[in-house]
Amino acid sequence: MNSNLGWHALALLVACIWGSTFVASKVLLMAGLTPAQIMTFRFLIAWLLMLPWCHKQLKTNIKDELWFMSLGLSGGSFYFLAENTAVQLTSATSTVALLVCTTPILTALINRMVYRSEHLSSRFMIGSMVALVGVSLVVFNGVFVLDDDPLVIILSVAASLTWAIYCLIIRKLDKRYSSAVVTRKVFFWGVITMLPVVFCEDLDISILADPTVIGTTCFLAIVASLGCFLAWNIVLKRLGVVVTGNYLYFNPVTSLIAAYLVLDEHITDLAIIGCILTIAGVYLCNKKKKGPSSRRSLSRVLF
């Protein structure tokens, strides 16, 4: 993992795993759990699993704790509520998927506004446009259906913006705290800020005894939450928010493949072309001139 290629590969892996969580979440929704319950269970389990080994740098000041709470809101409760509520309000889920996939561009633009010394190259902008066109073809998969409900659009864009904000706050904190500490705080505050919603919902306890529900929840908690959030926060520190964010374009690609394998959904020729364009766009965005790169051990990044 000493080369940037390794970190790029890790970012791609995380994006692909997160893309597959659409299918896993759909399984839990069909079993009777709500979006708020799903997020709370996956974050709570991930947080508990981190307790035995994430024990350094736990002392924080009030100001930083407020920033950590903002991470829990932007990367956890608010993001999931905005996105899933938008999905529940529309039959054209492709609208939500497409708007949420504008996250990499929004992240780059907001990062440029905050850190004016960082410029966006023409190659990056062209690559982003190519990737977004590719994502559009993947998301619609040959069926072009858009929802013009303003609330759906607002919630979808809000989800995209909150994730962009999450990545920028990570950048603010990662100089003083390890990725492990930041990730644990995200889980903690994500659960705390989601609890008011969960307490207002009914829960059939018998659902939690279903082996499929247990296995799917463990996948979301251990792999998609604990493993992926930790890995993502590390990669953000190594590659930066703009480069790392570009890999989110692969989410719909993985979702399409997972839906084909698990849910037996059809893949059109347009979707395949979209996959190719997405890959080409991300390549253009992240292609840079060769130069010296800093190296640090994984243990130093983690702790």
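Residues are numbered from 1 along each chain as its sequence is written, and side-chain values use heavy atoms, with hydrogens and water left out. Because the model is predicted, local features need a pLDDT of at least 70 and side-chain atom pairs count only at pLDDT 80 or more, whereas totals for chains, interfaces and linings use all residues.

The chain contains 13 helices and zero strands, where helices (H or I, at least four residues) and strands (E, at least two) are DSSP runs numbered from the N terminus. Read from the N terminus on, the order of elements is accordingly α-α-α-α-α-α-α-α-α-α-α-α-α. Of the 303 residues of the chain, 51% count as buried; buried means under 20% relative accessible area, exposed means over 50%, and partly exposed lies in between, with a 1.4 Å probe and protein chains only.

A pair of aromatic rings is described by the distance of the centres and the angle of the planes. Rings of Phe, Tyr and Trp (its six-membered ring) are taken to pair if their centres lie within 6.5 Å, and planes under 30 degrees apart count as stacked, over 60 as edge-to-face and the rest as tilted. By this rule the count comes to 15 aromatic pairs. In one of them, the rings of Trp-18 and Phe-229 have centres 5.4 Å apart and planes at 65°, so the pair is edge-to-face. This pair links distant parts of the chain, with Trp-18 in helix 1 (residues 4-31) and Phe-229 in helix 9 (residues 211-239), 211 residues apart. The C-alpha atoms of Trp-18 and Phe-229 are separated by 9.7 Å, and both residues are buried.

Phe-229 also forms an edge-to-face pair with Phe-187, at 5.7 Å centre to centre and with 65° between the planes. Here too distant parts of the chain are linked, since Phe-187 belongs to helix 8 (residues 179-199) and Phe-229 to helix 9, 42 residues apart. Both Phe-187 and Phe-229 are buried. The two pairs belong to one aromatic cluster, formed by Trp-18, Phe-43, Tyr-79, Phe-80, Trp-163, Tyr-166, Phe-187, Phe-229 and Trp-232.Trp-18 counts as buried at 11% relative accessibility. Leaving aside its neighbours within four places in sequence, Trp-18 is in contact with Trp-163, Ala-224, Cys-228, Phe-229, Trp-232, Leu-248 and Asn-251.

Helix 7 (residues 150-173) and helix 9 pack at an angle of about 60°, with their axes 10 Å apart; the axes are lines fitted to C-alpha atoms, for helices over the stretch in contact, and angles run from 0 to 180 degrees between N-to-C directions. Helix 7 passes helix 9 in a right-handed crossing, a term that applies if the near helix is turned clockwise from the far one by less than a right angle, the anticlockwise case being left-handed. On the side of helix 7 the contact is made by Trp-163, Tyr-166, Cys-167 and Ile-170, and on the side of helix 9 by Phe-229, Trp-232, Asn-233 and Leu-236. By class, this contact has seven nonpolar, one polar and no charged residues, where Ala, Val, Leu, Ile, Met, Phe, Trp, Tyr, Cys and Pro count as nonpolar, Asp, Glu, Lys and Arg as charged, and the others, Gly among them, as polar. Leu-230 is likewise found in helix 9 and, at 13% relative accessibility, counts as buried. The C-alpha atoms of Leu-230 and Val-186, 44 residues apart along the chain, are separated by 10.0 Å.

For helix 5 (residues 103-114), the twelve residues should span 16 Å at 1.5 Å a residue, and the end C-alpha atoms are 16 Å apart, which agrees; the expected span is 1.5 Å times one less than the number of residues. The buried residues of helix 5 are Thr-103, Pro-104, Ile-105, Thr-107, Ala-108, Ile-110 and Asn-111.

Not counting residues up to four places away in sequence, Val-197 touches Ala-36 and Leu-81, while Val-197 and Ser-77, 120 residues apart in sequence, are 9.4 Å apart in space, C-alpha to C-alpha. Ile-273 lies in helix 12 (residues 269-286) and is partly exposed, with a relative accessible area of 42%. Ile-273 and Leu-137 are 136 residues apart in sequence and 7.4 Å apart in space, C-alpha to C-alpha.

Note on methods. Contact = heavy atoms within 4.5 Å.
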